[in-house]
Amino acid sequence: MMTDDRRPVLETRLRDAFAAKAETVTDKLLAANRAGGAPALSTMNSGRLRRGTLGAVLAAAAVVVLVAGGGAAVINASRHRDSPATPRPTPSLHSPAPTGAVPTTAVTSHGAGSAPKSSVGPKGGPVPAGFTPYSATFVSPTDGWVLGNAPCTSAPCTSIVRTRDGGATWQGIPAPRTPIYDGQQGSGVNVLHFADPLNGWAAGDQLWATHDGGASWHQVKLAPGGQVANVETAAGTAYAMWVGPASTVVYATAPGSDRWHAVLTAPLAAAPSALVVKGRDWYLSDRDGVYHGVGANAPTRLANPCAGTSAALLAVADIAHLDAVCVLDGAAGTVRFQLYGTTDGGAHWTKAGGTHFAPSGLDVMDDNGNGVLLLAATAGSSVLQRTTNDGASFTTALTVNGASTGWSDVGFTTSTQAIAVLPGRAFYLSRDAGRTWTRMPF
Amino acid sequence: MNVRLRGAEDAVSAEDTDVDLSIDLPALYRTHRLALTRLAVLLVDDVPTAEDVVQDAFANLYRHQHRLRHAEAALSYLRAAVLNGARSTLRRRGTARRYRYLTDPPAPPPDADLQIVEEHRAVLAAVQTLPTRQREVLVLRYWSNLTEAEIATAMGISRGAVKSQASRALDKLEELLRDS
């Protein structure tokens, strides 16, 4: 009989081996099999028509699946098709961009008509009593998920709730069987991100994935000993920012796959900020500059707009128009900051407005691509600040007293809808581009 | 085709033949086809056969959908059908092997397996030597992350049997891997 302390090792080996084998099967491979003459749903079953009385029924099933679903090969070939590039000729901060902008942080875009329908995924049950949010993600104005915790009798008590009507109603769906990670001790997840209604990730010092809308979750291994700080997706690629003891690594994968490959390894001493993704471009800033990558290609280095002061807090309206907040100085829980903008993809930066003050913990910034910039900060109280005049002035749109954990997942889901999460406290939704906010009940 | 639906009896009722549950079969196919094919490939070892098994499962679901007691049971039904289909495939392979000419060369490994590191291959090879039910329990538990109750439903056995099969399988695996 095997001893108990050896069984976890064997179980880990089993999980890893099964994952390695299962990951050899991909949507691409299945589509290629069909294209190469392997049995397709219709031809395979029509062959059996000749052998049994069930044939007619089976063939009918095949036709229904193939026709009503638009064709299996078509479905899977298009599931992760890159979004068409949206022309964005106008600057973000310096003049308003067109409406219907592609969302950025905490938000995912996908090509119209190519994304899986929102009806996919588990049916959902009641929201667990006492649910408290930690992270939120939307893939459309209506379809969103919130990762949280709820009291339960048998740990882990990690829960996920889903909405298909823009937050009017919520349903509980399966969550990864791992605890909420507090960022310091223990192990688990505290970040949730969906690329589309099928593919999502829960991250912390572990990374879990779902490819069936949250019906089932499985753990994905990246490098050990670190933490996945955030996961972002855009234009058919998912990116994970992994922060380890000696380095920061940006991994990339296709949303339907669990094979992640490193596209950047940077020294930890560079103190990177959050990963920002827009279209096929991703950005990661540190004190020495801004890494700018396109897909899985090797990144280039842009100048740090905050040279000599801090790493820039970035927001991206489009590949030409970026915003950066630089911390100049501060004291007693308050910082003075300067907003910068660029209209040439980061080659040159110019000041936008004067200097302003915010709580010292600047967490997240996002640009709706339509002249509105949100800035989230926490020090004693948590605030959401907003500018609509290129940084000439900032107004406080929301203040939450007594919160000290900092914001997560502050971002626009459309040009007018925005979300913000105070981990362990509350989830807020705005439907007027961040001017007013409503705390969502669960 | 003769795929039994053992394990999904709780979801299927002969009395409920007139109930319209409006199962969105194309959506189910889009959502679960890849995951079920991955489950199947762990049981039958090659992708074309795994695809075949999964196609059969969906065709059976279409045929029996009017007998499901509730729409949520569709995934349990599909899972059970994949398990049964994989068992049937393995039985057919066993029969075919007994009648194969001795000069037949062994089938080459799928190219995809070349991507699997040696350590994982050793574990997978050891799993392949286990009895079918033990292998199924391990796959459902450590790949599909199902609970004991869910495994019991999928396999049509008791929770106690799931526990004992898993324990025996792990003991045997430990022994095999220690000796390899």
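Modeller: Before we get to the sheet: two strands pair if DSSP finds at least two bridges between them. Strands (E, at least two residues) and helices (H or I, at least four) are DSSP runs, numbered from the N terminus.

Colleague: Good. What kind of model is this, and how are residues numbered?

Modeller: It's a predicted model, where local features need pLDDT of at least 70 and side-chain atom pairs count only at pLDDT 80 or more, while totals for chains, interfaces and linings use all residues. Residues are numbered from 1 along each chain as its sequence is written, chains are lettered from A and ligands numbered from 1 in the order in which they are written, and side-chain values use heavy atoms, with hydrogens and water left out.

Colleague: OK, the sheet in chain A. In what order do the 4 strands come?

Modeller: The order is 1-2-3-4, in an open sheet with antiparallel pairing. Strand 1 (132–138) and strand 4 (171–173) of chain A are the edges, each pairing on one side only.

Colleague: How many bridges join strand 1 to strand 2 of chain A?

Modeller: There are 6 bridges between strand 1 and strand 2 (residues 144–149) of chain A, and the two run antiparallel.

Colleague: And which residue of strand 2 is the bridge partner of Pro133(A)?

Modeller: Gly148(A) is the bridge partner of Pro133(A).

Colleague: Switching to cysteines. How many disulfides are there over all chains?

Modeller: A search of the whole structure turns up 2 disulfides, counted as pairs of cysteine sulfur atoms within 2.5 Å. Cys152(A) is joined to Cys157(A), S to S 1.9 Å. The other link is Cys306(A) to Cys326(A), also with S to S at 1.9 Å.

Colleague: What's the handedness of the Cys306(A) and Cys326(A) link about the S-S bond?

Modeller: Left-handed, with -75° about the S-S bond. Cys306(A) lies in the loop between strand 16 (300–302) and strand 17 (313–316) of chain A and Cys326(A) in strand 18 (residues 322–331), so the pair ties together parts that are 20 residues apart in sequence. The link of Cys152(A) and Cys157(A) is left-handed too, with -75° about its S-S bond.

Colleague: Is Cys306(A) buried or exposed?

Modeller: Cys306(A) is buried, at 2% relative accessibility. Buried means under 20% relative accessible area, exposed over 50% and partly exposed in between (1.4 Å probe, protein chains only). Cys326(A) is buried as well, with a relative accessible area of 1%.

Colleague: How far apart are the closest N and O atoms of Arg177(A) and Glu150(B)?

Modeller: They are 3.7 Å apart, and the two residues form a salt bridge. The pair crosses between chains, from Arg177(A) in the loop between strand 4 and strand 5 (189–194) of chain A to Glu150(B) in helix 6 (residues 148–155) of chain B. Arg177(A) is partly exposed at 47%, and Glu150(B) is partly exposed at 34%.

Colleague: Which residue forms a salt bridge with Asp286(A)?

Modeller: Arg301(A) does, the closest N and O atoms being 2.9 Å apart. Asp286(A) is in strand 14 (residues 281–286) and Arg301(A) in strand 16 of chain A, 15 residues apart. Asp286(A) is buried at 2%, whereas Arg301(A) is partly exposed at 34%.

Colleague: Now chain B. How many helices and strands does chain B have?

Modeller: Chain B has 7 helices and 0 strands. Of its 180 residues, 53% count as buried.

Colleague: Why is helix 5 of chain B described as largely enclosed?

Modeller: Because 8 of the 11 residues of helix 5 (residues 132–142) of chain B are buried, the rest of the structure largely encloses it. Among those buried residues are Gln134(B), Arg135(B), Glu136(B) and Tyr142(B).

How values were computed. A salt bridge is a side-chain nitrogen of Lys or Arg within 4 Å of a carboxyl oxygen of Asp or Glu.
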